[in-house]
Amino acid sequence: MRTSLTLIVIATLASTAMAAPELLWEAVDNGFIVSLSDAESASWAVNLDFWPAQQIQAFGSLNVNTETEAETYEPIDPNYTKELDSWIYGDWNALATGIQGLPGEPFHIHAGTPGGQAFGTIPLCYIATDRGVISYDGIIARQGVDYYVHWDPAEPGTMALIAFGSFVALRRRHRTVRTDG
Ligand SMILES: [Ca+2]
């Protein structure tokens, strides 16, 4: 949990400098809630891959790509559990290459908000995983302008950022202890 909070802090610091739309993610019991956040009110499109993303198919063969579908199948398929599957939230509509959520593959999301819709921070997708981390890669487009986003904790550069964030957090904690003592 602490690692996830550190990641969010790093993502926030990085975005302040760039003033670009960004992804925020929050750890929950069986995965992560990923949101798109932007200081601008705009309509967006995303073309992103997330991994690892656990996928459960309804009735053993039907892909469940949206929260609406997840809520439809959960009551009628005893083997389908919404929290153990990955899907997108309702404000997003599939675009040309669509939503592809096949077991064992990255969760591909090509989706957009309705034209002219204004949001600050909106949930994009729920990624189910028991790994404790997620990675992503792709494009966020704001009003037709593309912003490349990438996060992969398995890469050395990303690990260095995490280490730096942990170092800062540790120094803060030590300073607090000394002050209290
Ligand atoms: Ca799914």
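This is a predicted model: local features need pLDDT of at least 70, side-chain atom pairs count only at pLDDT 80 or more; totals for chains, interfaces and linings use all residues.

Mentor: Start with pairing: two strands pair if DSSP finds at least two bridges between them. Helices (H or I, at least four residues) and strands (E, at least two) are DSSP runs, numbered from the N terminus. With that, look for an open sheet of 4 strands, ordered E1-E2-E7-E4, with antiparallel pairing. E1 and E4 are its edge strands, and each pairs on one side only.

Trainee: How many helices and strands does the chain have?

Mentor: There are 3 helices and 9 strands. Along the sequence the pattern reads α-β-β-β-α-β-β-β-β-β-β-α.

Trainee: Back to the sheet. How many bridges join E2 to E7?

Mentor: E2 and E7 run antiparallel and are joined by 7 bridges. In general, strands of a sheet pair through backbone hydrogen bonds, either parallel or antiparallel.

Trainee: And E3, what does that strand pair with?

Mentor: E3 runs antiparallel to E8, with 8 bridges between them. E3 also pairs with E6 in the antiparallel sense, over 6 bridges. On the E8 side, Asn 47 stands opposite Ile 139. On the E6 side, Leu 48 has Ile 109 as its bridge partner.

Trainee: Which residues of E3 make up its covered face?

Mentor: Trp 44, Val 46, Leu 48 and Phe 50 form the covered face. The uncovered face has Ala 45, Asn 47, Asp 49 and Trp 51.

Trainee: New topic. How many residues does the largest nonpolar core have?

Mentor: Two terms first. A residue is buried if 20 or more other C-beta atoms lie within 10 Å of its own, exposed if 12 or fewer, and partly exposed in between, with C-beta atoms placed from the backbone. A nonpolar core is a set of buried Ala, Val, Leu, Ile, Met, Phe, Trp, Tyr and Cys residues joined through C-beta atoms within 7 Å. The largest one here has 31 residues, and those with the most contacts inside it are Val 46, Phe 50, Ile 88, Ile 109, Cys 125 and Ile 127. Several elements supply at least two residues each, among them strand E1 (22-28), strand E3 (44-51), helix H2 (67-73) and strand E7 (121-128). E7 gives the most, with 5 residues.

Trainee: What does Val 46 touch?

Mentor: Contact means that the C-beta atoms of two residues, placed from the backbone, lie within 7 Å. Neighbours within four places in sequence aside, Val 46 is in contact with Leu 36, Ile 109, Ala 111, Leu 124, Gly 138, Ile 139 and Ile 140.

Trainee: How much of the chain is buried?

Mentor: Buried residues make up 23% of its 181 residues. In soluble globular proteins, nonpolar side chains tend to be buried together.

Trainee: Where is Ile 56, and is it buried or exposed?

Mentor: Ile 56 lies in the loop between E3 and H2. Ile 56 counts as buried because 23 other C-beta atoms lie within 10 Å. Not counting residues up to four places away, Ile 56 touches Tyr 80, Thr 81, Leu 84 and Asp 85. Its C-alpha atom is 9.0 Å from that of Gly 101, 45 residues apart along the chain.

Trainee: Is Phe 59 buried or exposed?

Mentor: Phe 59 is exposed, because 10 other C-beta atoms lie within 10 Å.

How values were computed:
Residues are numbered from 1 along each chain as its sequence is written.
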